[in-house]
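Welcome, and thank you for taking a look at this structure. Have the sequence and the 3D view open side by side, and let us walk through some of the details together.

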Amino acid sequence: MAMPTNSSESHRADQQPNKRKKKRSIVWEYFSIAKSGTDCTRAYCNSCKKSFAYISGSKLAGTSHLKRHIKMGVCSVDRRNNEKISQLIPYAPIKTDSTAVDTIPPRRRYRGIPGPSIPFKKDTPSQSIAKMIIMHEYPLNILDDHGFVEFVRFLHPRVHMDVNSVQEECVNIYHREKQDVANMLSGILGHVNLALDLWESDQGLCYLLLTGYFVDSVWKLQKRILNVVMLPFSDSEAAFSYAVVDCLASWGLEHKIFTLTLDASFANEAVQRNLRGLLSVMNPQVLNGQLILGNCYARILSCLANDALDSMISLIKKVRDSVKYVTTYRGSEEEFIELKQRLQNPSSKRLTIDDQTKWNTTYHMLVAASELKEVFSCLDTSDPNYKDTLSVEEWKLVEILCVYLKLFFDAANVLLAPTHPTTNLFYHEVSNIQLTLAHAATSQDAFTRNLTKPLWEKFSEYWNCSCLIFAVAVVMDPRFKMKLVEFSFSRIYGEDAGTWIKVVDEGIHELFVEYIVLSLPPPTFVVEDREGMKLEMSPEDEIPAGDDLSSFDVYISDIAGSQHMKSELDQYLEEPLLPRTQEFDVLSWWKQNSQNYPTLSRMASDILCIPVSTGAPDSVFDTVTKKMDSYRCSLKPSTVEALICAKDWLQYGSSSFS
């Protein structure tokens, strides 16, 4: 290259870099320039500090290679700015021959749109990683894993992670979300129903999860894990009562408890007696606090399914081995599919080996295999290595088993609705199981009778303890009211149906009277002091000895003056049933009719959110009890509570993250 020949040209060349003071390209948001030697200027990436040629002598390198550095994503670049950068590097088709030259559009140059650089916020990574750990149940010590650290530093070299700071942020998220839950609870319409779920651990510790179910201020059913309590000695009869008391006190719900739902771990009569006594003290106005569901609906269904599967364990193993052979033995699956096509079997089911910790997967495996039984029956003729052929009689037994597994599967599926189902939705499935098993237990077929009689006996215990709550809940559904109870009880109890229908009718009227009393203001009465002055007093005030009967008379007169409120229930029951529609929202209906039924609507809001199960939806089909992993057991109980509760609260929408 020719050098300048006179001093004027030399002066202009020396001043050339200084004239480019106003840099408009977007790359200068991510690069800085600095001298490197006497006649060389280089561009340095602000993130990774890598340097690139920019000016060498009088030669200007341009910015295309700097744009490519950002475009490749080597450095942490905001997505929106990435899109702006992509506009600066226009698409150019590859030349394949000389004729393609005319089709290539002329290259256009764009000037970057100036904009403020996005500063690195030191706290943001800790918040995001804390949320990731909470939502996906990652262990906190993942921050010490070399691979994870390298990955995060690849995304941004300035991110520094510390286990203690991230753990502290997890707890901060818990406290922020807890305040939102507390605000929601302060505005609820009625009572809170509690579900108690017990998790075990290999260390011999137990963790009690207390979940609250309630209707919020806009008549939406809400479910929140309120507390996670470690019980070092879960065999203590009073341990559960203490945990419930602490939970209610921490949320200010001492006198707002309505019902308790327990899982199978609370079969101990002494434990249930203590909890029932606690409930009667906390909420004596509502049926003396006796509303306790003594078993978990999902757990009883899993027990029934397990019992049915265990009764045919050897036959199920033959089916499992057949499926395993077809799906894993080399060439067997292709041969099986070809044989299915030749036999023109219409089944669209896919064969998969079951997960024996989830009984629904065993059910699906049996259904798929039974639909393909003709193919399995012919497989041994074309494949001499296949040895697990089932006879026609054995396939028939499998099909009978699937009939009753389907009964439990359909009932459990109600729990898997996108939103937590109201209590009225369970009555049909529960009463249908009781009726179906009762008929099957007296079947003339010996296999059916032997299979279902133990199932019916076990489920009858659950039905006898829980049918009143299920029935009262369905009465609160204006599409059914007492009519569905009368219809189903007549089929279940036969000649004794009238007695059981009367129990439900009296129970719901008694409960309604309790709600009338709750809605009344505290009665006042007038007494005279020694000087003849008349004083107006309430029951909380000290009253003279022997004068309590007069206050009782006033109290009764107040109730008598409110007798018209009792007609709410009778009026509701006498009105025609609503037509059944698939999209019916029972809580919305009660919200719209709360003016017509002010007392009954409050009662309905409490009844319709009674939980029938204690576990999470992902454990509905579990055949093993829920366990706390060993890592979480090594953490402080307060940290365990923060991680579990925060995950539950974040999934409903967070005030901490947008």
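Y325 is a buried residue, with a relative accessible area of 11%. Here buried means under 20% relative accessible area, exposed means over 50%, and partly exposed lies in between (1.4 Å probe, protein chains only). Y329, at 41% relative accessibility, counts as partly exposed.

Before going further, please note that this is a predicted model, in which local features need pLDDT of at least 70 and side-chain atom pairs count only at pLDDT 80 or more, while totals for chains, interfaces and linings use all residues. Residues are numbered from 1 along each chain as its sequence is written, and side-chain values use heavy atoms, with hydrogens and water left out.

**Aromatic rings**

Rings of Phe, Tyr and Trp (for Trp, its six-membered ring) pair if their centres lie within 6.5 Å; planes under 30 degrees apart count as stacked, over 60 as edge-to-face and the rest as tilted. By this rule the count comes to 26 aromatic pairs. In one of them, the ring centres of Y325 and Y329 are 4.8 Å apart and the planes meet at 20°, so the pair is stacked. Both tyrosines belong to one aromatic cluster, formed by Y325, Y329, F336, F376, Y386 and W395.

**Strands and hairpins**

Helices (H or I, at least four residues) and strands (E, at least two) are DSSP runs, numbered from the N terminus. Two strands pair if DSSP finds at least two bridges between them. In general, strands of a sheet pair through backbone hydrogen bonds, either parallel or antiparallel.

An open sheet of 4 strands has the order β1-β2-β3-β4, with antiparallel pairing. Its edge strands are β1 (31-35) and β4 (59-60), each of which pairs on one side only. Some strand pairs, from this sheet and from elsewhere in the model, are set out here.

| β1 and β2 (residues 40-45) | antiparallel | 5 bridges | F31 and C45 |

How many residues of β8 are buried? In strand β8 (residues 257-262), 6 of its 6 residues are buried, and the strand is mostly covered. Strand β7 (residues 221-231) is mostly covered as well, with 9 of its 11 residues buried.

Two hairpins deserve a stop. The hairpin of β1 and β2 has 4 residues between the strands, and G37 takes a positive phi near 95° there. The hairpin of β6 and β7 has 5 residues between its strands, with W219 in the turn.

Most residues other than glycine have a negative phi, and most peptide bonds are trans. W219 is not a glycine, yet it has a positive phi of about 65°. W219 sits in the loop between β6 and β7 and counts as buried at 11% relative accessibility. E137 is not a glycine either, and its phi is positive at about 55°. E137 lies in the loop between α4 (123-136) and α5 (146-155), and is partly exposed with a relative accessible area of 42%.

**Two helices that pack**

Two packed helices are described by the angle between their axes and the distance between the axes. Axes are lines fitted to C-alpha atoms, for helices over the stretch in contact, and angles run from 0 to 180 degrees between N-to-C directions. Helix α20 (residues 567-574) and helix α22 (residues 598-607) pack at an angle of about 75°, with their axes 8 Å apart. That makes α20 roughly perpendicular to α22, a label given to angles of 65 to 115 degrees, whereas those under 35 count as roughly parallel, over 145 as roughly antiparallel and the rest as oblique. With contact meaning heavy atoms within 4.5 Å, E568, L569 and Y572 in α20 meet P598, T599 and L600 in α22.

**Residues brought together**

Where does P579 lie? P579 is in the loop between α20 and α21 (586-592), and is exposed with a relative accessible area of 61%. The C-alpha atoms of P579 and R479 are separated by 6.1 Å, although these residues are 100 residues apart along the chain. K67, in helix α2 (residues 64-71), is buried at 11% relative accessibility. K67 and V27 are 40 residues apart in sequence and 6.2 Å apart in space, C-alpha to C-alpha.
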